[in-house]
Amino acid sequence: MSVDAVFKALADPVRREILDRLYARNGQTLSELCEGHDMSRQAVTKHLSILEEANLIATRKEGREKLHFLNPVPIFEIADRWIGKFERSRLRALNELKKNLEGKHDDK
């Protein structure tokens, strides 16, 4: 999986909305995902293809239908890599501040 592909996929508001809809109800068909969009099935299919290439969705055939499922792992990896590391230092600083404040209370 390419992190660039994930960022590219997440950059588009339509694709983020598709992911939100799959988060709310996983396992939707193309027809269900087209509902409420002012775009053609081909346009939604293109968005789904980009999401699938980024490994943000997985598909499964059931009979004649293709179901789409959210794969949150790439989003977690981005959060861990690009957000988590910034939070770690903040949490360490807060922990040190707490220790210092507790130490001052012990001196009284």
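Tutor: Contact here means heavy atoms within 4.5 Å. Keep in mind that this is a predicted model.

Student: OK. Of the contacts with a separation of 6 or more, what share comes from residues 24 or more positions apart?

Tutor: Such residues account for 51% of those contacts in the chain.

Student: And what helices and strands are there?

Tutor: The chain has five helices and two strands. Along the sequence the pattern reads α-α-α-α-β-β-α.

Student: Is the chain spread out or compact?

Tutor: Its radius of gyration is 21 Å, well over the 13 Å that the globule rule gives for 108 residues, so the chain is more spread out than a compact globule. Along the principal axes, the C-alpha atoms fill a box of roughly 75 × 25 × 25 Å.

Student: How much of the chain is buried?

Tutor: 29% of the 108 residues count as buried.

Student: Which residues touch the most other members of the largest nonpolar core?

Tutor: Ile18, Leu48, Leu51 and Leu56 do, in a core of 17 residues. Helix 1 (3–10), helix 2 (13–24), helix 3 (30–34) and helix 4 (41–53) each give two or more residues to this core. Helix 4 gives the most, with four.

Student: Back to Leu56. What does Leu56 touch?

Tutor: Leaving out residues up to four places away in sequence, the residues that Leu56 touches include Val6, Leu10, Leu51, Phe69 and Ile75.

Student: New topic: charges. How far apart are the mean positions of the positive and negative ones?

Tutor: They are 2 Å apart, for 20 positive and 18 negative charges.

How values were computed:
Residues are numbered from 1 along each chain as its sequence is written. This is a predicted model: local features need pLDDT of at least 70, side-chain atom pairs count only at pLDDT 80 or more; totals for chains, interfaces and linings use all residues. Side-chain values use heavy atoms; hydrogens and water are left out. The radius of gyration is taken over C-alpha atoms; the globule rule is 2.2 Å times the number of residues to the power 0.38. Buried means under 20% relative accessible area, exposed over 50%, partly exposed in between (1.4 Å probe, protein chains only). Lys and Arg count as positive and Asp and Glu as negative; His and the chain ends are not counted. The place of a charge is taken as NZ of Lys, CZ of Arg, CG of Asp or CD of Glu. A nonpolar core is a set of buried Ala, Val, Leu, Ile, Met, Phe, Trp, Tyr and Cys residues joined through side-chain atoms within 4.5 Å.
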